[in-house]
Structures are given as structure tokens and as C-alpha cells.
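Dear colleague,

I am handing over the structure we spoke about, placed just below. Please have it open while you read the notes that come after it.

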Amino acid sequence: MKHSIKWQMIAVFLGLLLTFVAALFIINIYFLEPYYIGNKKTQFIEMYEKLNQAIRDGMLRNGILKEEVSRELAYLAEKNNISFLIADDRGGYLTNVHDKEQLNNQLLGYLLNQAQKDSKILDSTQDYQIAKSWNPWNHTDYIEMWGALEDESQFLLRSPVEGIKESAKISNRFLLSIGSILIVISVVSVWYFSKCMTDPILELAVLSEQMANLDFNARYESGGSDEIGELGANFNRMSEKLESTISELKGANNRLKEDIEQKEQLEKMRNEFLGNVSHELKTPIALIQGYAEGLREGVSDDQESREFYCDVIIDEAAKMNQMVKNLLALNQLEFGDQDIVFERFDLTELIRGVLQSMEILAEQEGIHVIFRQEKPVYVWADEFKVEQVVRNYISNAFHHAGEEKVVEIRLQTADGKARATVFNTGRPIADEDIGHIWEKFYKADKAHSREYGGNGIGLSIVKAVMESFHQEYGVNNYDNGVEFWFELDIQ
């Protein structure tokens, strides 16, 4: 959280605002007074020029100022907070203050070079001087200008500095109040706008993490026509292309593994296949041959017996036909004659479809089927071959459900894998049989298998399919039944 872009933006903007407010405080404290003094010097010089202009125009003579000029001069002095005193050589005075003695004494002190020692000269010419002085009587700093006008009259202009100091204090208090409010408003505003800016970036970060985990269902949905919106659209396109590319890579990887393994097992599998076919076909062929010969030789003239013979022949032929189909499917799987097309599909929906297609068989057998999975579980595999696995598991569970006749299918996900389990009530598989049930033509319960037409190929097909996927599969025994399972990649 401490490295979040949003908090970094808040910290930067808040730091800039605090720096700006602090800079204003420093400017007020250290630079306002010099600026004020410089501005006051300009005002003094302006008033000095105004007095000399009045002398040149004959408006000021012998300490007497004409009325129109007097009003203008008084206005200028009042506006700029300037006290002035003009003294001619006849003892006449012109001033805008009631207590002219203090100004007169200060002027005499300057003229007699008896000014305060701590006065600081700010500007000096032949006609006037400007200084900053301290008045011990009222403990106030002043800016003062004294000298001679063009008619040799002496003058003194004075303005207190205390006003600017008080203004600086007021300004600092004002800045403190306004600065506090601005900081609060700025924090809220920056937080809001940074959230608007960083939320799409955070969404892209989450999207990139999902893509890194090979989850390509996520999409950037905030939109927008700015750079972030364009980046999000590019992420979406990249996600689609990566999903397609990974699908192709998984298919190519499995084909490579199959090519390597196929060369090692090809001859062995062919020999086993021929031996098993001849063994499994021997019994039904012998039955068909025996009953057919009996019919030809007229062993029985009874119509019902002949029909029984025919039913046996038809039933055995059907079993042989189904066995041949299963053998062909198994042969294609084991010899790699079928291409495996990896795609992403919903395993939940596939199981639900298989159960719907076997609903009639479940009703005939009186099986109670339980499948509570509602949410989709997406996996990578060949959907058609996974359906063969599911169908063989469920069909096998229907035929061995025992007296309770309960079959339960479950889906679980963990560590990037989806595990499907098919549990059926009934007797557990014997320990001596459990290691052989995946072998072709192996029948743990031969009498029961013969009853429903089993030929020991279904679980061999499951084994061949799962090994072609390079995925795990297996069986677990329980006290009240058996559970078969297989796993597929989620990512």
C-alpha cells in the first residue's frame, strides 16, 4: 500500500501545497518588509516631485499652498500613510499632522546632523536623503525622507513601518487558516482524482496477474478513449491471442509426447491387441456357431426353443459388435491414430449432458443420481474424449451400484487442477483385482460382467484417454462403495 500510485500522487501534491504555503510564510516574514520599504521610497520620491512641481507652478510660496494643490497633496499623503512637514526660512510651516513639534524636532536633528545613530540610510542625493530610524518614544520604526526643495524650503516625510509588520502578521494568520482549509480540500480532491486515474491502472494490474496465471477469461471493462483505455483494449486482444496460442502449444506438446511414446509401445500394443481380440471373440463365436448348427440340424422342433436359439445368436452378435467398436476406439487411442484437439470447455456442462443422455438407463436400473455442481468449471482437454471417460465411469457405476443404487458425481478444484469423482454404492473392489482393472479384457466379476454385457474394455479406454492427456486418474475403495476419479488442467 505504501508504494501505491494513488498514495504517491497524494503525497506529491500535498508536499507541493505545503511547500507553497511555507514559501508564502517565508516571503511574508523576510521579503515583505524590504518590498514595502522599496515601495515607500517610490512614494516619497513621488511626493517630493509633487512638492517641487507645486513650487515651479507657483502653487507653494512662503509656506502657503493653494487649495487645489493642498487637497491633492493631502490625498496623496493619506493614501500612502505619509506625514509631512515643510519649513521655510521665515519660520513658516506646512504639515498634515496636529503635533508638528515632533516632526520639526526630527527635521532639525537631521539638519544639524544629530539624527539617531542607529538610523540606516536607504538612499541619498544632493537634495534629499531617505533613512530607516527607530523612535524610542513610541517604540516604532519609521521610513523618513528629508532635504531641501527647489525654493530652499526644508521638508520631512515620515511613514511608520509598524503597519507593514502588522499586515505581515495578519497575512500569516490568514495564510495559516486558508492553508489548512486548502490542505483538507486538496487531500480530498487529490484522493478522488487519483482514484479515478489509478483504478483503471489497478484493474490492468489485476488483469495482467490473471494473464500471468493463464486465466484468459478476465477482460478490461473500464473502457475509455485515453491512453489507459487503449492499453486495456490491447490487453484484451493480447489475452485472446495468448489463449489461442497456448491452446495450439498444448496440442503440439501432447502430439510430441505421443510421437515419442508411440515408437516404444507400438509393437507391444499390436501383439497384445491381436491376442486379446482372439481370446475375447472365441467364446461368442463358439456360441453362435453351436446354436446355428443346432438350428440347422433341427435339434428341437419346438418354436419357442428355436426362438431362444435365435435370441442367443443375436445377443452374442450384438455383444461382439459392441466389443469390436470398443476395440477400434481403444486401438485408435493407443496407437495415436486420432488427433487430440485441446480446447477450453465447461466440465460441469459436459457431465450434466452425459447424465441427461443416460437418464433412461438410470430409471431402468432404479439408480438415484446425485450431482449438485452448479458453477462452471473450465478445463483444457479434448472434449469428445473426456465425454468417453465420463460416460464409461457413470455406466460402470450404474452396473455396480449394489442394493442401495446410489451414484454421486462431484467436481473439486485445487492447485490448478479440476478433479471429477464418480462414486457408486456397492461392494468394494477386491485387493487382488484393483491393480488389474485398467487392463484390457480384465473382469473382476466375470459373472456380473457377462450379465450386463461387459467386456472389460471400458476402463481400458479411460486409461488410454487419460494417458494421452498425460493426466492422473484412479480408483478409491470405501466401506460402502467405490469411487473412480480423473484430473484435468484448469490453466
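This is a predicted model: local features need pLDDT of at least 70, side-chain atom pairs count only at pLDDT 80 or more; totals for chains, interfaces and linings use all residues.

Residues are numbered from 1 along each chain as its sequence is written, and side-chain values use heavy atoms, with hydrogens and water left out.

The chain has 13 helices and 15 strands, where helices (H or I, at least four residues) and strands (E, at least two) are DSSP runs numbered from the N terminus. Of its 491 residues, 37% are buried, a word used here for under 20% relative accessible area, with exposed being over 50% and partly exposed in between (1.4 Å probe, protein chains only). Among contacts (heavy atoms within 4.5 Å) between residues at least 6 apart in sequence, 64% join residues at least 24 apart.

Trp438 touches, not counting residues up to four places away in sequence, a set of residues including Tyr393, Leu459, Val462, Tyr473 and Phe484.

Helix α8 (residues 347–357) has Leu347, Thr348, Leu350, Ile351, Val354 and Leu355 buried. Seen down the axis of α8, these buried residues fall within an arc of 165 degrees, so they line one face of the helix; the arc is that of the directions from the helix axis to the C-beta atoms. The N-terminal end of α8 is capped by Asp346, which has a side-chain oxygen 3.0 Å from the backbone nitrogen of Thr348.

Strand β13 is mostly covered, with seven of its nine residues buried. β13 pairs in the antiparallel sense with β12 over eight bridges and, also in the antiparallel sense, with β15 over nine bridges, pairing being called when DSSP finds at least two bridges between two strands. Thr413 has Ala418 of β13 as its bridge partner, and Phe423 has Glu483 of β15. β12 and β13 form a hairpin with two residues between them, and Asp415 in the turn has a positive phi of about 55 degrees.

Elsewhere, an open sheet of six strands has the order β4-β3-β8-β7-β6-β5, with antiparallel pairing. β4 (93–95) and β5 (120–124) stand at the edges with a single partner strand each, so one side of each is left without a neighbour in the sheet. β5 and β6 (residues 128–135) pair in the antiparallel sense over four bridges, and Lys120 stands opposite Lys132 in β6.

Two further buried residues lie in helices. Asn52, in helix α2 (residues 32–56), counts as buried because its relative accessibility is 2%, and Ala362, in helix α9 (residues 359–365), is buried with a relative accessible area of 7%. Ala362 and Phe398 are 36 residues apart in sequence and 7.1 Å apart in space, C-alpha to C-alpha.

With best wishes

Conventions. A polar contact is a pair of N or O atoms within 3.5 Å; within protein, one must be able to donate a hydrogen and the other to accept it, and residues adjacent in sequence count only if both atoms are side-chain atoms.
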